[in-house]
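Hi everyone, thanks for making the time.

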Amino acid sequence: MRILLAEDDSVLADGLTRSLRQSGYATDCVMNGVEADSALSTQDFDLLILDLGLPKMTGLEVLRRLRARNSRLPVLILTAADSLEQRVKGLDLGADDYMAKPFELSELEARVRALTRRGAGGGPTVIKHGPLSYDQVGRIAYINEQMLDLSARELGLLEVLLQRTGRLVSKEQLVDHLCEWGEEVSNNAIEVYVHRLRKKIEVGGVRIATVRGLGYCLEKISEPQAGSAISAPPPAPLSPVDTSSRR
C-alpha cells in the first residue's frame, strides 16, 4: 500500500519512513502543508499520516481541503501531547485516528494496518481467493494453509491484485501503488515481480493472468473433477445400441 507522510521534523520523518518501508509500505514524505496538498490533489494514496504543525499550510487546512474534495482517504494525525483542541478539530474535520507525540513505532504501525484495512472497504481481516488467503494485519499469505515466503514487494503486489480481484490492474497502476517518488522502477521490473509471485502461488491452484497490453488479474484455476467430460479423453464412437437408446 502507498502512504503519504507529511511531517516537518526530518529526524522523525526519516525514522517513520524507514520503519514503514521495512514493513512493506511504499512511503512518500513531504515536509510542508503546501507539498502535502499538492501531492494529495494529483496522486493516489492509501493512507495519509499528517502532522498538524506543518509550515506553509497547517495540517488542519490540508485535511479540510482533502475532505472538501470528497476524498475518503484514511487520515492518521500526529499532534503534540498537549494539543487537545487540535485533536478535536482534526477529528471533527474528518480524521480517522490520531496519535500524540511521542509514540511507539509498534503502535503507529498497528494503527496504520487498521486504517489501511478500513480504507480498503472495512472488509475482513483475511482476504481469501480459492486456496489463497492473505492476512492484512499480519501481512502474511498462505496457500492451502502453508505460509508463503514472499518479499515485501511481492506482498504488496499480491495485496493490490487481491483487493482488485476480477479487475485488470495495469503495470502503471502497480508502479503507482508499490513505488515511492524518485524510485526508478520500469515496467520490465514489474514483470519480474509478477513472474516471481506467479511461480509461488500457481503451485497451489491460483494464477496471475496476463492480458497483453492491458495488465494483470488474479484468477482461480478450476480444478477438473475426476471422471468429468472435461478431464476425460474424447469418448469412443457410440455403438448401435447406444445410438438407438439416445433417439
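**A walk through the loops**

Let's begin with P102, which sits in the loop between β5 (97-101) and α5 (105-119). Please keep in mind that this is a predicted model. What is the peptide bond from K101 to P102, cis or trans? That bond is cis, and its omega is near -5°.

Now for two residues with backbone angles to look at. Go to the loop that runs between α3 (59-68) and β4 (75-80), and you'll find N70 there. N70 isn't a glycine, yet its phi is positive, at about 65°. Is N70 buried or exposed? With a relative accessible area of 66%, N70 counts as exposed, because the cut-off for that class is over 50%.

The other one is E145, in the loop between β8 (140-143) and β9 (146-147). Here too we have a residue that is not a glycine but has a positive phi, about 70° in the case of E145. E145 is exposed as well, its relative accessible area being 73%.

Which residues make the nonpolar patch of about 230 Å²? They are L168, V211 and L214. If you'd like to find L168 on the screen, look in the loop between α6 (152-163) and α7 (171-178). L168 has a relative accessible area of 38%, so it is classed as partly exposed.

Key. Residues numbered from 1 in each chain as written. Predicted model: local features only at pLDDT ≥ 70, side-chain atom pairs only at ≥ 80, totals over all residues. Heavy atoms only, no water. Patch = residues over 30% accessible without salt bridge, like charges linked within 9 Å, V, L, I, M, F, W, Y side chains within 5 Å. Areas by Shrake-Rupley, 256 points an atom, 1.4 Å probe, with all protein chains shown as cover. Salt bridge = Lys/Arg side-chain N within 4 Å of Asp/Glu carboxyl O. Helix = DSSP H or I, 4+ residues; strand = E, 2+ residues; numbered from the N terminus. Buried < 20%, exposed > 50% of the residue type's maximum accessible area, 1.4 Å probe, protein only.
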